[in-house]
Amino acid sequence: IGVRGGNSESSLSQRASNVADHVLAGGYGGLQAAATSGAGEDAEFGARVKQVGSWMSTERFQHTKRPYSAEDVVRLQGTLPVHYTGAQLSQKLYTMMRQHQASGTCSHTFGS
């Protein structure tokens, strides 16, 4: 494949180098790599295990039997937090139904 103007090998390698410098921007894919400490990661892991454990032991899940622990869940999670809209709506519905149950009322908004 020919390239216009002069030595095709050197101009192609120069352009590839320029693109790589621009895209990588000193890291991987524009991201900066940072060193982490083992103690910091352990503390964060412990905090996440505690948070998941307290969520798993709420009244909502009192009759749910799980063959895994909160530590298992956190160990297999990714590192980016994911918030599902369905989970938020489910929590809202659960709270509303519990309030109706406690006050002896009902909601007429779930069908015809």
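Residues are numbered from 1 along each chain as its sequence is written, and side-chain values use heavy atoms, with hydrogens and water left out. In this predicted model, local features need pLDDT of at least 70 and side-chain atom pairs count only at pLDDT 80 or more, whereas totals for chains, interfaces and linings use all residues.

The protein contains 4 helices and 0 strands, where helices (H or I, at least four residues) and strands (E, at least two) are DSSP runs numbered from the N terminus. The order of elements from the N terminus is α-α-α-α. Of the 112 residues, 7% count as buried; buried means under 20% relative accessible area, exposed means over 50%, and partly exposed lies in between (1.4 Å probe, protein chains only). Among contacts with a separation of 6 or more, 33% are between residues 24 or more positions apart, a contact being heavy atoms within 4.5 Å.

A pocket is an open set of points, reached by a 1.4 Å probe, with protein on both sides within 12 Å along at least five of seven lines, and lining residues have an atom within 4 Å of a point. Grid points are joined across faces, edges and corners, and a volume is the space filled by probe spheres set on the points.

The largest pocket has a volume of about 790 Å³. Its lining comprises 23 residues, and Gln51, Val52, Gln77, Val82 and His83 lie nearest its centre. Two or more lining residues come from each of helix 2 (38-56), helix 3 (70-76) and helix 4 (85-103). Helix 2 gives the most to this lining, with 6 residues. By class, the lining of the largest pocket has 12 nonpolar, 7 polar and 4 charged residues. In this classification Ala, Val, Leu, Ile, Met, Phe, Trp, Tyr, Cys and Pro count as nonpolar, Asp, Glu, Lys and Arg as charged, and the others, Gly among them, as polar.

The second largest pocket has a volume of about 190 Å³. Glu41, Glu44, Phe45, Arg48, Val74, Arg75 and Thr79 line the second largest pocket. Helix 2 and helix 3 are the elements that give two or more residues to this lining, and helix 2 gives the most, with 4 residues. The lining of the second largest pocket divides into 2 nonpolar, 1 polar and 4 charged residues.

The whole structure holds 2 salt bridges, a salt bridge being a side-chain nitrogen of Lys or Arg within 4 Å of a carboxyl oxygen of Asp or Glu. One joins the side chains of Arg98 and Glu59, with an N to O distance of 2.9 Å. This pair links distant parts of the chain, with Arg98 in helix 4 and Glu59 in the loop between helix 2 and helix 3, 39 residues apart. Arg98 is partly exposed, at a relative accessible area of 30%, and Glu59 is also partly exposed, at 48%. Arg75 forms a salt bridge with Asp72, and the closest N and O atoms are 2.7 Å apart. Arg75 and Asp72 are 3 residues apart in helix 3 and are therefore separated by about one helical turn. Asp72 is partly exposed, with a relative accessible area of 25%. Arg75 also belongs to the lining of the second largest pocket.

Glu71 is located in helix 3 and is partly exposed, with a relative accessible area of 43%. Leaving out residues up to four places away in sequence, Glu71 touches Phe45 and Val49. Glu71 and Val49 are 22 residues apart along the chain, and their C-alpha atoms are separated by 5.4 Å. Phe45 is one of the residues lining the second largest pocket.

His100 lies in helix 4. Its side chain makes a polar contact of 2.6 Å with the side chain of Thr105. A polar contact is a pair of N or O atoms within 3.5 Å; within protein, one must be able to donate a hydrogen and the other to accept it, and residues adjacent in sequence count only if both atoms are side-chain atoms. Apart from neighbours within four places in sequence, His100 is in contact with Thr105, Cys106 and Ser107.

Key. On a 1 Å grid over the protein atoms alone, a cavity is a set of points where a 1.4 Å probe fits but cannot get out, and a pocket is an open set with protein on both sides within 12 Å along at least five of seven lines; lining residues have an atom within 4 Å of a point.
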